[in-house]
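Thanks for coming. I will keep this short and go through one structure on the screen.

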Amino acid sequence: MKSERPKLFGHRVDAMVQTALNHAGGARRTAFVMAGGGSLGAVEVGMLQALLAWGEKPAFVVGASAGAINGAYFAADPTLAGAQRLEQLWCGLRRRDVFPINLASVIGLLRRRDHLVASTYLRRLLESHLPYGQLEDAVLPMHVVASDMLTGDEVRLSSGPVIDAVLASTAIPGVFPPVRIDGRWLVDGGVANNTPISTAVRLGATRVIVLPTGFACALTQIPSGAIARAMHALSLLVSRQLVQDAERLVGGAVQLRIVPSLCPLERSPYDYSAAANLISRSRENTHHWLEEGGLDRDDIPMQLHEHRH
């Protein structure tokens, strides 16, 4: 499987974008970047549907964690019909389909296993819904971002078994087992780069549309349970990292467009019971943003900044 250790982009972004433009003859090249966020990944489905209905057609997709799942599915059928089928998948999803906490999990902890939840159930879910086996066989080029467990480096997976790549990108350390690819143990893409804007730029995007999951800004109390708390903390980290990355790009050579996430949002990223509502709200929210000229604005939505209700 082809993987790549990226370099820090910082002040080199403008130069990379200009090079991409030169190679493309000045043509615009749009990438969809999908962030992680557990069950809040349902929000991205509504965003996808609105963007596709508006006429947006990306040249490629980059995804991390839950965004890798959505991106891999979307890359198989990058149409509005495909995004509508993705909605059906999310609406039928239950927490136990992803996090089967059972007696085996307890026994694993007692035996000092290095993870809480086996990835068997998630693998079965992916195998039953992804219609292609290799990343390079997707209809739309798909790039999955994971993290090297030893070094923390970002690792881009652009070819090879798609299910292994997605499992690596979603392997929350301590919750799911790491995945060994090309001699390296890989874990959740959120460790290195949960909203991989920089990866899209390195791949030649001159216009990046970010689909963020947001965070539960309206929770009234801390989620109960170790996994729920870990995922909530990770979603807060993702939003902060996205803001920091976006601040380096706003006003530069790359056109950065960030779809507003839902706000107020009271659902934990460990709560899989509200997918239909999240998708519907997100689709309507994105439609309004598009009508108000969101794709013409180079700014960071206020919903991503730290706030409380």
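I will start with a helix pair: the axes of helix 7 (residues 120-129) and helix 8 come within 10 Å and cross at roughly 135 degrees. Axes here are lines fitted to C-alpha atoms, for helices over the stretch in contact, and angles run from 0 to 180 degrees between N-to-C directions. At that angle helix 7 is oblique to helix 8; under 35 degrees counts as roughly parallel, over 145 as roughly antiparallel, 65 to 115 as roughly perpendicular, and the rest as oblique. Helices (H or I, at least four residues) and strands (E, at least two) are DSSP runs, numbered from the N terminus.

Before going on, the provenance. This is a predicted model, in which local features need pLDDT of at least 70 and side-chain atom pairs count only at pLDDT 80 or more, while totals for chains, interfaces and linings use all residues. Residues are numbered from 1 along each chain as its sequence is written, and side-chain values use heavy atoms, with hydrogens and water left out.

Back to the pair. Helix 7 passes helix 8 in a right-handed crossing; a crossing is left-handed if the near helix is turned anticlockwise from the far one by less than a right angle, and right-handed if clockwise. On helix 7 the contact uses L122, R123, L126 and E127, and on helix 8 it uses I163, D164, V166 and L167. Contact means heavy atoms within 4.5 Å. The residues of this contact of helix 7 with helix 8 divide into five nonpolar, no polar and three charged. For those classes, Ala, Val, Leu, Ile, Met, Phe, Trp, Tyr, Cys and Pro count as nonpolar, Asp, Glu, Lys and Arg as charged, and the others, Gly among them, as polar.

Helix 8 has another partner. The axes of helix 3 (residues 66-76) and helix 8 (residues 162-169) come within 8 Å and cross at roughly 155 degrees, which makes helix 3 roughly antiparallel to helix 8. Here A68, I69 and A72 of helix 3 meet V162, V166 and S169 of helix 8. The residues of the contact of helix 3 with helix 8 divide into five nonpolar, one polar and no charged.

How many of the eight residues of helix 8 are buried? Seven of the eight are, so helix 8 is largely enclosed by the rest of the structure. Buried means under 20% relative accessible area, exposed over 50%, and partly exposed in between (1.4 Å probe, protein chains only).

S65 has phi near 55 degrees and is in the loop between strand 3 (60-64) and helix 3. S65 is buried, at 9% relative accessible area. D182 also has phi near 55 degrees, in the loop between strand 6 (179-181) and strand 7 (184-187). D182 is partly exposed, at 44%.

W289 is in helix 12 (residues 275-291) and is buried, at 7% relative accessibility. Beyond its neighbours within four places in sequence, W289 is in contact with residues including R257, I258, V259 and P260. A cis peptide bond joins C263 and P264, with omega about 0 degrees; P264 is in the loop between strand 9 (255-258) and helix 12.

Last, the overall figures. The protein has 12 helices and nine strands, and 56% of its 309 residues count as buried.
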